[in-house]
Amino acid sequence: MVRVPQEATEAADGAEPAPTTAAGDGERMEPHDARALARTLDRASRVFMAAERAALEPYGIGPAAFRLLDLVARAGGLAPSVAASRLGVRQPTVSGWIAELARAGVLERVGDDADGRRASLRLTAYGGTVHAAASVAIRRRQLRLASAIAPHAQADLLESLDALVRAGEAGAV
């Protein structure tokens with residue numbers, strides 16, 4: 001049997017939750033504003049992800065696998081289990097990305113001389129070139145998107161989004 005939370009039954013009855021206080025300024029945020037904020041953040045995220053996918057398409061790498069490639073590039077190599085932990089995903093997910101990146105010729109598994117059961121991930125020479133070029137392509141697209149917002153507004157938006165993330169990470173959901 002499916003359990004329906006109390007807040008969901010109240011919403012179904014047409015009852016709106018009480019307005020909440022916006023972070024830091026004491027102003028009240030109406031529930032419809034919060035929904036609009038959530039929808040707009042979702043749309044903005046999709047726009048940035050589409051730009052990232054488009055930047056990576058020539059390299060045959062998806063955004064998720066690129067995150068692994070970027071992590072390995074920054075770390076200079078690391079174990080798959082460490083990569084999974086740092087990326088916040090399960091080992092089978094990372095294994096799929098490793099296979100994708102290995103097929104693309106940008107990542108390789110290197111055995112540990114001291115312990116033959118252990119492996120480390122590292123970029124191939126071609127992988128270093130692809131990582132650098134793809135990073136530049138992604139950054140250019142991000143800058144083009146961000147240029148739609150005035151620089152002072154970008155700083156305010158970033159500060160507000162950081163506050164939102166901190167509140168969510170602190171359990172304010």
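H131, with a relative accessibility of 13%, counts as buried, where buried denotes under 20% relative accessible area, exposed over 50% and partly exposed the range in between, as computed with a 1.4 Å probe on protein chains only. The structure is a predicted model, in which local features need pLDDT of at least 70 and side-chain atom pairs count only at pLDDT 80 or more, whereas totals for chains, interfaces and linings use all residues. Residues are numbered from 1 along each chain as its sequence is written, and side-chain values use heavy atoms, with hydrogens and water left out.

The protein contains seven helices and four strands, these being DSSP runs numbered from the N terminus (helices, H or I, at least four residues; strands, E, at least two). Along the sequence the elements follow the order α-β-β-α-α-α-α-β-β-α-α. Of the 173 residues, 20% count as buried. Among the contacts with a separation of 6 or more, 42% are accounted for by residues 24 or more positions apart, a contact being defined by heavy atoms within 4.5 Å.

The largest nonpolar core comprises 24 residues, and those with the most contacts inside it are I61, L68, L101 and L107; such a core is a set of buried Ala, Val, Leu, Ile, Met, Phe, Trp, Tyr and Cys residues joined through side-chain atoms within 4.5 Å. Two or more residues of this core are given by each of α2 (31-56), α3 (63-75), α4 (80-87), α5 (91-103), β4 (119-123) and α6 (125-146), and α3 gives the most, with six residues. When neighbours within four places in sequence are left aside, I61 is in contact with L56, F66, L69, E100, L101, V106 and V130.

Helix α3 has 13 residues, and its first and last C-alpha atoms lie 18 Å apart, close to the 18 Å expected at 1.5 Å a residue; the expected span of a helix is 1.5 Å times one less than its number of residues. The buried residues of α3 include P63, A65, F66, L68, L69, D70, L71 and V72. Just after this helix, G76 takes a positive phi of about 75 degrees.

H131, which lies in helix α6, is in contact with F66, L69, D70, A73 and L123, its neighbours within four places in sequence being left aside. E52, located in helix α2, is buried, with a relative accessible area of 10%, and touches P63, F66, R67 and I138, not counting residues up to four places away in sequence. The C-alpha atoms of E52 and S135 are 9.5 Å apart in space, although the two residues are 83 residues apart in sequence.

Two partly exposed positions were also examined. V82, in helix α4, has a relative accessible area of 32% and is partly exposed; its C-alpha atom is separated by 9.6 Å from that of S120, 38 residues apart along the chain. Q91, in helix α5, is likewise partly exposed, with a relative accessible area of 31%. Beyond its neighbours within four places in sequence, Q91 is in contact with P80, S81 and A84, and the C-alpha atoms of Q91 and S81, ten residues apart along the chain, are separated by 6.2 Å.

The second largest pocket has a volume of about 560 Å³. A pocket is here an open set of points, on a 1 Å grid over the protein atoms alone, where a 1.4 Å probe fits and protein lies on both sides within 12 Å along at least five of seven lines, and lining residues have an atom within 4 Å of a point; the volume is the space filled by probe spheres set on the points, which are joined across faces, edges and corners. The lining consists of 19 residues, of which A44, F48, I149, L157 and L161 lie nearest the centre of the pocket. Helices α2, α6 and α7 (151-169) each give two or more residues to this lining, and α2 gives the most, with nine residues. The lining divides into 13 nonpolar, four polar and two charged residues, with Ala, Val, Leu, Ile, Met, Phe, Trp, Tyr, Cys and Pro counted as nonpolar, Asp, Glu, Lys and Arg as charged, and the others, Gly among them, as polar. The end C-alpha atoms of α7 are 27 Å apart, in agreement with the 27 Å that its 19 residues should span at 1.5 Å a residue. Just after α7, G171 takes a positive phi of about 95 degrees.
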